[in-house]
Amino acid sequence: MDFLPTTIKAHARPASSKHTPESRHWRQYKHPVFIKEYAPVTSVHFSAAKPHRYAVTAATRVQIYAPRTQKITKTISRFKDVARSGHIRGDGKLVVAGDDSGLVQVFDINSRAILRTLDAHKQPVHVSKFSSLSPTQVLTCSDDTNAKVWDVPSQTTICTFFDHTDYVRTGQFSTSNPNLVLTGSYDSTIRLFDSRTGECEMTMGGDSPGSGPVEQVLMFPSGTAVVSSAGPIIRLWDIVAGGRCLRAISNHQKTVTALTFNSDASRLLTGGLDHMVKVYDVGTYKVVHTMRYPAPILCLAISPDETHIVGGMSDGTLSIRRRQQKSSESQAALLGFGDALFSEQLAGVGQGHVKNKSKVKPLGDANELMVERRRRKRLRDYDRLLKSFKYSAALDAVLKKNVPPTTTFSLIQELIHRDGLKIALAGRDDVLLEPILRLLLKHVTDPRFGELVCDVAQVVIDMYQPVIGQAPLIDSLFVRLHKKVMAELRFQAELQRAKGALNMMISSSLAPLPS
């Protein structure tokens, strides 16, 4: 009779919220690289053009980093005061940045030469951004309560917005209309301006309860909604409905200082002074992932190809998290980089006829009887040892780190059926007994194996009770096992009390009312 291998009993894995597909995606951004600057990192911005270099603003300089090597390729330091808001134009050729003296300068990203100087603000300029739809226009927002739209070639102001009454620390051009400008101010208002008329077309916030200084504003690519942050509160505003507040979210413990979308605006990333970066699903506005940083977050950016997340912190640390693209994503990016004609030509590549390499099976006599040869299945190490009645060695074989617990406990169950568990556990010193106790300690609260763990633990205690107290390591493992079992018993008692209370409430709610 052939030896039957050990049957591995399948167990339903306990539900876990840690390893959802969403969480697995964001956990791929791992092995962060930390670069130390000598001043707080106040701005990070990725170029929309490949290879997606990014500008990092800290102290009196703007540094351009290469995403592949994480090395500095250019350093722009021609500022009179602390630099702010280094922003790369969509074509990746120009950089604009302001400083605390009120001066705004446009640089060539390769030669680092100053191409234009925009000098009209009298207070620090915290925002300087190119328009994605009109590349020759720049938006600047200053502590002098004004926001300006500039024409870069002529170095002249197209329009100035005077409606704010306090510092203007955030703003952007509309991503759907080149004439609309969105700004946020410490006067607790978010305003939508039209550069053609110079008038404020819409005001959001201000009189809403709990409103405070607006730190960041971010417009959806469709131009129909706006996300803002004031203190730890994130608000969603509907522009189509006249600036109505649709939702207020409070998941951060301290002020939210950074807002950014992923490439398709399906996820919102927020960073705050509580050291946390949270990822929201814009469909439900629920947190789908959280990342912890070593210091308060001041700025945050994700690359257009979603391979890098870069965060700047108040202690001068720049954090760079990188994710390896899958082959399918790389191929899609390669096809999208070419023009349509080239894509059509590629479509036919590799579609030719492939010769069938399978061998033609010879046809024998129809009445010929063919005896099928059955291949013998190779036994695993622990099955071979069981077959030889080497129970102790079989148990040691499944106590290794790369063996799943379902296999380990299936073999223990097989040993119980063979009356070989005591034989497998007998004659062990502290070195050989340690992995068994660690296995019991790890899985004593697992509902899949808890009952079997208790049975094995009882056998171990009965066999090794006379030698307890002779090995400090074994004694400490027994103490930890005892504490874990007692904690689990207390937890189960709490569950029973909660179950009784719930049953009483449900029964009373279902009871018919007296007539």
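Tutor: Let's take some labels one by one, keeping in mind that this is a predicted model.

Student: Why is the pair Y54 and Y65 called stacked?

Tutor: Their ring centres are 5.4 Å apart, with 5° between the planes. Rings pair if their centres lie within 6.5 Å, and planes under 30 degrees apart count as stacked, so both tests are passed.

Student: What makes this pair a tie between parts of the chain?

Tutor: Y54 sits in strand β3 and Y65 in strand β4, so the pair ties together parts that are eleven residues apart in sequence.

Student: How do you know whether Y54 is buried or exposed?

Tutor: Its relative accessible area is 0%. Buried means under 20%, so Y54 is buried.

Student: Why do R267 and D281 count as a salt bridge?

Tutor: Their closest N and O atoms are 3.2 Å apart. R267 lies in strand β23 and D281 in strand β24. E22 joins these two in a network of salt bridges.

Student: And what makes E494 and R497 a salt bridge?

Tutor: Here the N to O distance is 2.6 Å, and that is within 4 Å, so this one qualifies too. Both residues lie in helix α10, three residues apart, about one turn of the helix.

Student: Why is R497 called exposed, but E494 partly exposed?

Tutor: R497 has 52% relative accessibility, and exposed means over 50%, so R497 counts as exposed. E494 has 46%, which falls between 20% and 50%, so E494 is partly exposed.

Technical notes:
Residues numbered from 1 in each chain as written. Predicted model: local features only at pLDDT ≥ 70, side-chain atom pairs only at ≥ 80, totals over all residues. Heavy atoms only, no water. Phe/Tyr/Trp six-rings, centres within 6.5 Å; stacked < 30°, edge-to-face > 60°. Helix = DSSP H or I, 4+ residues; strand = E, 2+ residues; numbered from the N terminus. Buried < 20%, exposed > 50% of the residue type's maximum accessible area, 1.4 Å probe, protein only. Salt bridge = Lys/Arg side-chain N within 4 Å of Asp/Glu carboxyl O.
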